[in-house]
Amino acid sequence: MIRFENVSKIYPGDFSALEDINISIEQGEFVSIVGHSGSGKSTLLKLVYAEEQPTTGTVYFNDRPLDAIKIKHLPFYRRNIGTVFQDFKLLPQKTAYENVAYALEVSEGSLEEIQELVPEILDLVGMGDKMEKYPRQLSGGEQQKVCLARAFVRKPLIIIADEPTGNLDPNSTMEIMQLLLKINSMGTTVLLASHNKSIVDKINRRVIELEKGRIIRDNAKGKYAV
Ligand code: ADP
Ligand code: MG
């Protein structure tokens, strides 16, 4: 589904963030990208989202090179992808329900669709009884659950989660990880970036480890685990 072929990324100022990355991710996989701060995790995810372009090499989505997508078509490509970040980025003046509904409104969901899908998805993440709360009335873990609901409500093919548990306590961290696993079990490919190796090792899925922009471990099926 996603393929990196000899991808390097050099940011302006000659800073090399990724070097010669070759990976292939199948539909339905749960892939964690780990590594210290600055190792290139977010850059890798941004390349998938086509928010950054490789300096050399090519990223493919279903065998289609992303650099062939015209800028005006990028929003359509990105509808395949839901994103979750460390800082929750909920709209403070909207309730949990309205935050999730808004994601459907901007993609022209009908009112019936919104009224059906939003409670369903908030139930799925365990926030069904807090739909009318505003972000400030929710804990960090609860806010992140709403973010997950928002990212997932259009049933994207891929969820990109960049340090989604970075601001959470261990309890909420495990809850969010369980939800990501649940979403994955429904068929969505999950790409998770985290500097927390231990939580990633706990879930026993594929782990790609980056060090200074290079892959030093990838336990993909058929690959030699270092
Ligand atoms: P991680 O997510 O693993 O912390 P990043 O992918 O954010 O790593 O960053 C990798 C390296 O690239 C870091 O050293 C960072 O400073 C650098 N970098 C990231 N974004 C930019 C940018 N827009 N311009 C210049 N350098 C950047
Ligand atoms: Mg990062």
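This is a predicted model: local features need pLDDT of at least 70, side-chain atom pairs count only at pLDDT 80 or more; totals for chains, interfaces and linings use all residues.

Modeller: Residues are numbered from 1 along each chain as its sequence is written, chains are lettered from A and ligands numbered from 1 in the order in which they are written, and side-chain values use heavy atoms, with hydrogens and water left out.

Biologist: Which residues are around ligand 1?

Modeller: A residue is near a molecule if one of its heavy atoms lies within 4 Å of it. Around ligand 1 one finds Tyr-11, Phe-15, Ala-17, His-36, Ser-37, Gly-38, Ser-39, Gly-40, Lys-41, Ser-42 and Thr-43. Helices (H or I, at least four residues) and strands (E, at least two) are DSSP runs, numbered from the N terminus. Strand S2 (15-25) and helix H1 (41-48) each supply at least two residues of this shell, and H1 gives the most, with three.

Biologist: Which polar atoms lie by the oxygen atoms of ligand 1?

Modeller: A polar contact is a pair of N or O atoms within 3.5 Å. A side-chain N or O atom of Ser-42 is 2.8 Å from a ligand oxygen, and a polar side-chain atom of Thr-43 lies 2.5 Å from one. For Ser-39, a backbone N or O atom lies 3.2 Å from an oxygen atom of ligand 1.

Biologist: How many aromatic pairs does a search of the whole structure find?

Modeller: Rings of Phe, Tyr and Trp (its six-membered ring) pair if their centres lie within 6.5 Å; planes under 30 degrees apart count as stacked, over 60 as edge-to-face and the rest as tilted. The search finds one pair. The ring centres of Phe-61 and Tyr-77 are 5.2 Å apart and the planes stand at 75°, so this pair is edge-to-face. Because Phe-61 lies in strand S4 (residues 56-61) and Tyr-77 in helix H2 (residues 74-78), the pair ties together parts that are 16 residues apart in sequence.

Biologist: Are Phe-61 and Asp-123 buried or exposed, and which is which?

Modeller: Buried means under 20% relative accessible area, exposed over 50%, and partly exposed in between (1.4 Å probe, protein chains only). Phe-61 and Tyr-77 are both buried. Asp-123, found in helix H4 (residues 111-124), is exposed, with a relative accessible area of 54%.

Conventions. A polar contact is a pair of N or O atoms within 3.5 Å; within protein, one must be able to donate a hydrogen and the other to accept it, and residues adjacent in sequence count only if both atoms are side-chain atoms.
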